[in-house]
Amino acid sequence: MSAEHILKLHPRNIAALRRGRDPQEALRTILGNPVSTRLESGVGNCFPGLECDLRNLERRFFPHVEVDISDQAIHLVAVDALAVAEDKEIDDACRAVYAELSDDLRAGQSWTVKEMAGRFGELGEQRLDIGTLKAPSIGEGRRPPDAWVAVRMLTEGSPVELILQRVDDGRELTLRGNRLRYLDDGGALAPVFVPGELTQSLCSPWTHDFRDCGCFYWASNHPDIALTPAIGAEGADPASEQDVWVVWERSDRTGQPRPASNERPRRFEMDHYEINGAWEALNFVIESRELTGPYLATGPKAVPALASQEELEASLHYAAGVELGVMLEYLTAMYSLRDSAGLELPLRDDVRAATAEILRIAIGEMRHLRAVNDLLRSIQGPARFKPALRVATHVPSIKEGEFRAIQARPATLDVIDDFIAVEAPSTSVDGLYAPVLAYLERYGTDEQVQAVRSIMFEGDDHYETFSAIREWLGRHQERDYLRAVTLTPPPNDNEAGAILRHRYAELLAALYKGYVVGMPTGAPWVNGARAFMLAPDGFDGAAKAVAAQGFLAIFSPPDGDPRFEPITPPTVAQRLA
């Protein structure tokens with residue numbers, strides 16, 4: 001809540017930074033932490049035992065109160081009296097209710113939510129008796145099946161009425177307010193959430209599962225395999241091979257570890273109770289390598305901040321063009337892959353995985369495009385803001401100060417290598433945002449800084465994913481996984497190509513309309529554009545029709561529309577890339 005506490009830990013996430021120290025002092029990256037430890041990249045979902053429990057978001061659904069939710073009960077836990085005192089929009093009646101609830105809770109009294117009225121998403125306006133909710137929920141006029149689903153379905157920002165009941169004597173009080181949002185305008189977790197709140201209901205990691213739950217269940221600091229310790233690290237063998245993957249939970253901790261393999265790996269690992277007794281023998285893993293001595297990391301390369309808001313806006317317009325440009329490059333490469341359905345194993349699985357992952361990354365670039373536009377809107381204000389949807393003609397190269405042209409190309413291994421270079425941490429696209437971040441850390445808001453950091457950190461995930469795609473496709477000949485060895489754009493008079501150009505123009509127009517009015521008003525256009533992008537009778541279907549004819553699916557901006565004409569790298573981007 002709002003009470004001040006003496007912090008004994010050094011906070012490094014957005015919720016903790018708001019309460020612990022000046023966020024401007026925070027590092028851009030936390031050295032040694034893999035990208036999977038960040039909230040936006042983690043496994044985190046609604047199941048205890050993973051990295052966060054999203055059910056905790058609903059504990060703060062109503063202004064200035066904290067609740068615990070079970071299937072048929074909502075218990076009041078706390079009232080933020082300081083926040084109530086600072087809220088000038090609360091009327092005297094509600095202020096008095098908050099005061100009585102706060103006094104009662106401090107005195108040990110218990111209160112529950114007896115009834116809740118509001119708009120429950122697709123179920124419409126309803127008044128619910130919380131204690132009578134039960135599954136199944138079917139048919140006309142159906143109600144949410146339990147209290148948590150009911151709270152989850154409440155429309156953000158919509159009016160909510162709570163009838164609260166004191167447990168000992170049945171006394172009732174009424175509170176009215178608007179459903180709170182999970183995120184702030186910059187896309188960061190809303191300030192109402194306190195450090196550790198999303199993980200407070202998780203179980204403690206059960207050590208046995210370090211060996212039984214697979215590589216992708218735990219975060220990368222609990223891997224199945226890891227690289228051998230680095231030369232020079234305390235206890236490392238200088239003669240050891242430095243890039244050999246070994247079993248992390250190996251039972252033999254003496255001498256040179258044997259390389260990891262698929263050969264009955266369990267017999268080389270500690271058993272369950274051996275781990276309980278010797279867990280401290282397992283080495284820390286940082287940057288995929290076992291650590292046996294102090295970690296000596298080099299900090300991120302310092303970059304100069306932009307000189308003015310004018311340079312900031314120019315850089316962000318160009319950054320949006322880069323996000324759009326690489327998204328289109330990725331989609332062209334994806335549509336050049338063969339349909340996996342008619343392929344033999346293992347080619348079928350590799351092509352299917354590559355297709356799915358490239359599409360996931362392209363959708364991620366679409367989110368980045370929106371994030372940059374939201375950032376521009378927050379800087380310029382609604383009156384001056386114009387959406388940035390002009391595709392870049394060139395993107396930064398991995399070599400400092402150099403650029404390469406945006407090109408529509410099939411997914412050859414050389415092209416995948418280019419994609420890896422584009423997404424490489426601290427270079428290319430990631431490096432493009434570094435001076436933007438440096439400027440906002442000085443002059444921007446906390447939310448603006450977190451929005452840029454999120455884009456940069458997600459680039460790490462894209463880099464690792466393209467590296468994996470390179471490995472999958474690299475096991476095969478290009479002629480085996482591409483639709484054709486030589487692919488060219490469709491002729492100008494090709495009907496499928498014309499349809500694709502028209503649908504791409506429709507996609508841009510929908511995004512422009514959604515961005516220009518802003519969120520949440522623009523959500524129907526932005527969500528519609530995302531659905532249209534993936535629809536068989538929309539953007540995706542048109543691109544597949546072009547690819548099925550043996551052509552490259554290319555995406556040309558509409559002629560003569562200044563909103564979408566290509567953008568060249570600004571002078572500032574060339575100077576600081």
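Pro-136 is placed in the loop between β4 (125-129) and α4 (147-153), where helices (H or I, at least four residues) and strands (E, at least two) are DSSP runs numbered from the N terminus. The peptide bond that leads from Ala-135 to Pro-136 is cis, with omega near -5°. The structure is a predicted model, in which local features need pLDDT of at least 70 and side-chain atom pairs count only at pLDDT 80 or more, while totals for chains, interfaces and linings use all residues. Residues are numbered from 1 along each chain as its sequence is written, and side-chain values use heavy atoms, with hydrogens and water left out.

A cis peptide bond also joins Leu-345 and Pro-346, with omega of about 0°; Pro-346 lies in the loop between α7 and α8. Most peptide bonds are trans, and most residues other than glycine have a negative phi. His-64, although not a glycine, has a positive phi of about 70°. His-64 belongs to the loop between α1 (14-20) and β1 (65-70) and is buried, with a relative accessible area of 18%. Buried here means under 20% relative accessible area, exposed means over 50%, and partly exposed lies in between (1.4 Å probe, protein chains only).

The largest nonpolar core contains 81 residues, of which Leu-331, Tyr-335, Leu-337, Leu-440 and Phe-555 touch the most other members. Such a core is a set of buried Ala, Val, Leu, Ile, Met, Phe, Trp, Tyr and Cys residues joined through side-chain atoms within 4.5 Å. Elements giving two or more residues to this core include α7 (309-335), α8 (347-380), α9 (413-423) and α10 (428-443). The largest share, 15 residues, comes from α7. Not counting residues up to four places away in sequence, Leu-331 touches Leu-359, Ala-362, Met-533, Phe-539 and Phe-555, contact being heavy atoms within 4.5 Å. A second, separate core of 31 residues includes Val-67, Ile-130, Val-160 and Leu-173.

Helix α9 is largely enclosed by the rest of the structure, because eight of its eleven residues are buried. Among the buried residues of α9 are Leu-413, Phe-419 and Glu-423. Asp-418, by contrast, is partly exposed, with a relative accessible area of 26%. The side chain of Asp-418 meets that of Arg-409 in a salt bridge (2.8 Å, N to O), and Arg-409 counts as buried at 15% relative accessibility.

In the whole structure, 31 salt bridges are found, each defined as a side-chain nitrogen of Lys or Arg within 4 Å of a carboxyl oxygen of Asp or Glu. One of them links the side chains of Glu-161 and Arg-176 (2.9 Å, N to O). Glu-161 lies in strand β5 (residues 159-166) and Arg-176 in strand β6 (residues 172-178), so this pair ties together parts that are 15 residues apart in sequence. Glu-161 counts as buried at 16% relative accessibility, whereas Arg-176 counts as exposed at 54%. Asp-349 forms a salt bridge with Arg-352, with the closest N and O atoms 4.0 Å apart. These two residues, Asp-349 and Arg-352, are three residues apart in helix α8 and are thus separated by about one helical turn. Asp-349 is partly exposed at 39% relative accessibility, as is Arg-352 at 45%. A network of salt bridges links Arg-59, Arg-60, Glu-66, Asp-68 and Glu-197.
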